[in-house]
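Me: I have a structure open and would like to go through it with you, one piece at a time. Can we start with the helices?

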Amino acid sequence: MRNVAVFVGSLRNGSINQKLAKALAKLGRGQFAFTFVELGDLPMFNQDLEANLPSSVVRMKEEIVAADAVLFVTPEHNRSIPAVLKNAIDWGTRPWGQNSWAGKPGSIIGTSPGNVGTAAGQAHLRSVMTVLDVVLLGQPEVYFVTTPGLIDDNDDITDDATRQFLEGYLARFATWIDQVTQYEEKVRQKVA
Ligand code: FNR
């Protein structure tokens, strides 16, 4: 079982990204245990707060460290990532020298109702992940275009081809987590 910390870049009730994340959690049962990380209680980043880290930040950083992998499920806001997600990412890197993200296997997916399906936002997020040292799954990219009824009230994907595609994506992510974890362990042994 792979423990995955999930970061959804939308706080709103009825978020289609929350819905997609829940559908993935259901589809991946047996391979993954998803923990949905709360982002709404994080204060806006302020370096003055670093001397006495807010409890919500400490909690989030602990959830990252405890996870085998991280998964970002995010909308695109104005061709980039939502501020709520960037805020969480920045807190996770601080204070200096205490980057909680380092070495974590990770993946990015997202959904919008529009045909570009978060491609521009995901590209921004990928470039940020490089400096965090999150080891990102490259393929398949998932630009999920939400249409009415595609995910039903039970968080099931109603279209067979879409469901099979997401099952394939999750299988690749599982293998990726295992491979990166083995690699990071070897690096740790050489350093120790
Ligand atoms: C959007 N939306 C949007 N969609 C898109 O495909 N590209 C974009 O650049 C943007 N920009 C944007 C900015 C802001 C501030 C908002 C609120 C929305 C639309 C967006 O895809 C849509 O609202 C989704 O429903 C947002 O995802 P959640 O919140 O439902 O998960």
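Me: Which residues of H1 are buried?
Reply: In H1, the buried residues are Asn17, Leu20, Ala21, Ala23, Leu24 and Ala25, where buried means under 20% relative accessible area, exposed means over 50% and partly exposed is in between, with a 1.4 Å probe and protein chains only. Helices (H or I, at least four residues) and strands (E, at least two) are DSSP runs, numbered from the N terminus.

Me: Before I go on, where do these values come from?
Reply: This is a predicted model, in which local features need pLDDT of at least 70 and side-chain atom pairs count only at pLDDT 80 or more, while totals for chains, interfaces and linings use all residues. Residues are numbered from 1 along each chain as its sequence is written, and side-chain values use heavy atoms, with hydrogens and water left out.

Me: OK, and what covers the buried residues of H1?
Reply: The cover includes strand S1 (2–8), S2, strand S3 (69–73), S4, strand S6 (143–145) and H5, and contact here means heavy atoms within 4.5 Å.

Me: How do H1 and H5 cross?
Reply: Their axes come within 10 Å and cross at roughly 70°; axes are lines fitted to C-alpha atoms, for helices over the stretch in contact, and angles run from 0 to 180 degrees between N-to-C directions. H1 and H5 are therefore roughly perpendicular to each other, since angles of 65 to 115 degrees get that name, while those under 35 count as roughly parallel, over 145 as roughly antiparallel and the rest as oblique. Leu20, Leu24 and Leu27 of H1 make the contact with Arg163, Leu166, Glu167, Tyr169 and Leu170 of H5.

Me: What span should H5 have, and what does it have?
Reply: H5 runs over residues 160–191, and at 1.5 Å a residue its 32 residues should span 46 Å, which agrees with the 46 Å between its end C-alpha atoms. The expected span is 1.5 Å times one less than the number of residues.

Me: And which of its residues are buried in H5?
Reply: In H5 they are Thr162, Leu166, Tyr169, Leu170, Phe173, Ala174, Ile177, Val180 and Glu184.

Me: Switching to H3, what do its buried residues pack against?
Reply: The buried residues of H3 pack against S1, H2, S3 and H4. With helix H4 (residues 119–132), H3 packs at an angle of about 10°, the axes being 11 Å apart, and that makes H3 roughly parallel to H4.

Me: What about H2 and H3, at what angle do they cross?
Reply: Helix H2 (residues 55–66) and H3 have axes that come within 10 Å and cross at roughly 80°, so H2 is roughly perpendicular to H3. On the H2 side the contact is made by Val57, Met60, Lys61 and Ile64, and on the H3 side by Ala88, Trp91 and Gly92.

Me: Is Ser55 buried or exposed?
Reply: Ser55, which lies in helix H2, counts as exposed because its relative accessibility is 64%.

Me: Last one: where is Lys104, and which side chain of opposite charge is nearest?
Reply: Lys104 lies in the loop between helix H3 (83–92) and strand S4 (105–112). Lys104 is buried yet has no salt bridge, and the nearest side chain of opposite charge is Asp68, 6.3 Å away. A salt bridge is a side-chain nitrogen of Lys or Arg within 4 Å of a carboxyl oxygen of Asp or Glu; Lys and Arg count as positive and Asp and Glu as negative, while His and the chain ends are not counted.
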